[in-house]
Structures are given as C-alpha cells and as structure tokens.
Amino acid sequence: MPLPEAKAGPGLTKAQVYAGLDSVHDFLVDTNLSEDTLTGATPAQALALTADDDPARRLLDQTLTHPGESPDPLHLVTRFNPDDVRVHGSPRTEGTMTYQVVAGQLRVKADYTFVYAVTKTSGGRQIVPDGLEATRVVVRRSLELTVRHGKVRPLAYKVAIGNNDCTHPDDGFIHPLFSDDTSKTKAWPRTDPYTQNPSTADTNPCHQPTHT
C-alpha cells in the first residue's frame with residue numbers, strides 16, 4: 001500500500017504531510033490487514049490514531065464491544081470469527097490514496113480492494129489430500145479522512161463485501177460463503193465482487209459472487 005508523494009501545502013510542511021499520510025496508512029493496515037484484527041481482536045492502533053471525540057472512534061468502541069446493538073463495525077473494520085474460518089497468507093491489496101492540503105488540514109481519499117483467502121476452521125470440504133476447500137472474500141473500501149494534530153478523522157466511509165452471508169445475524173464478523181452455501185444464494189443477484197461499487201452496496205446487501 002504505497003503512499004503518494006508528500007508535498008508541502010498551505011499550513012503544512014512536507015514532513016507533516018508525510019506524517020499524516022503515514023497515519024492514514026497505519027489506520028488502514030490496522031483495520032484491514034493486521035493479523036490480530038482479522039482474527040477478531042480490537043484494532044487498538046487504529047483506535048489510538050482516531051481523535052477521542054470523533055464519531056468514528058465512538059462507533060468502533062461501541063460496535064466492537066456490543067456488535068449487533070449499533071452500526072456494524074464492518075463499515076470500517078475487516079474481521080473474521082476465528083472459530084469459523086482461518087485466513088491464509090497475506091491479503092492482496094490494490095487501490096489508490098490521494099490528498100489535498102486545505103488551510104493546514106490534510107484531506108485524504110482512499111479507495112482500496114482487499115482480497116482474503118479463507119478456509120473453514122473445522123468441517124471444511126476435502127478437495128485434495130491434506131487440502132481443504134478455500135474461498136476468497138473481497139472487501140472494497142472507499143473512505144474520506146482528515147488528519148489534524150496527528151489524529152485521523154474518518155468523515156465518510158463506504159464498503160462493499162463480496163462473498164459474505166448477509167443473512168447471518170450481525171455479530172461484527174464477515175461470514176464467507178463456501179460451495180455448500182450456494183443453495184441459499186440462488187435467488188440473489190449475481191455480482192462480480194472485484195468490481196463492486198461501495199456506493200450501491202447498502203441498497204443490495206445480498207448478492208452471489210460470480211467468482212472468487
């Protein structure tokens with residue numbers, strides 16, 4: 001996840017712009033790529049980077065502690081239940097980060113796709129000797145953030161999750177679909193998970209991936 005070239009802007013030095021971009025990078029890594037977060041832990045570094053009075057921090061605190069009682073933490077965080085699935089290898093990442101400096105404030109737009117290979121923790125289908133069925137989950141995130149005084153403030157954030165069982169009760173985790181689950185998805189519209197638009201995800205949360 002390379003950073004764009006840092007350049008000084010109105011009220012910020014080149015070093016300050018770089019530091020702000022680095023904070024956004026660390027926020028995205030901790031919420032989408034950290035092994036601890038992916039296996040259900042609280043993204044402690046991301047919380048530390050977020051301003052204490054920021055609504056996103058309160059959302060994270062509430063939803064990670066009491067999932068299902070408030071907005072879904074998956075709006076900002078990628079998490080799997082380690083009792084159900086195991087993430088294999090390093091997630092694939094592709095996307096862009098751009099920024100503007102306005103009156104001493106760094107404004108960042110981040111648009112990334114994260115791809116995770118997962119298998120069932122237990123009860124998985126044997127595909128080859130010593131090899132269980134694997135599937136992929138595709139998470140597309142679009143965020144607008146500001147950085148001021150070293151703190152990240154997510155202003156707007158949208159997500160589209162490909163290959164997730166939307167009928168599962170909200171518990172703060174992604175629930176991947178495997179071959180045994182295809183019967184429940186037959187009536188869902190088919191969507192290419194790699195080209196999903198986060199702006200329309202909420203209007204059509206249930207969809208069958210054309211491929212993973």
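**The sheet and its surroundings**

Modeller: Four strands make an open, antiparallel sheet, ordered E1-E2-E5-E6. Strands pair here if DSSP finds at least two bridges between them. Helices (H or I, at least four residues) and strands (E, at least two) are DSSP runs, numbered from the N terminus. E1 and strand E6 (151-162) are the edge strands, each pairing on one side only. From one strand to the next, the twist averages 15 degrees.

This is a predicted model: local features need pLDDT of at least 70, side-chain atom pairs count only at pLDDT 80 or more, and totals for chains, interfaces and linings use all residues. Residues are numbered from 1 along each chain as its sequence is written, and side-chain values use heavy atoms, with hydrogens and water left out.

Now the pairing of E2 with strand E5 (residues 134-148): it is antiparallel and runs over 14 bridges. Tyr116 has Val137 as its bridge partner in E5. Helix H1 (residues 14-32) packs on the sheet and touches E1, E2, E5 and E6. Contact means heavy atoms within 4.5 Å. The direction of H1 makes about 25 degrees with that of E2. Axes are lines fitted to C-alpha atoms, for helices over the stretch in contact, and angles run from 0 to 180 degrees between N-to-C directions.

Tyr116 is buried, at a relative accessible area of 0%. Phe80 counts as buried because its relative accessibility is 1%; the cut-off is under 20% relative accessible area, with exposed over 50% and partly exposed in between (1.4 Å probe, protein chains only).
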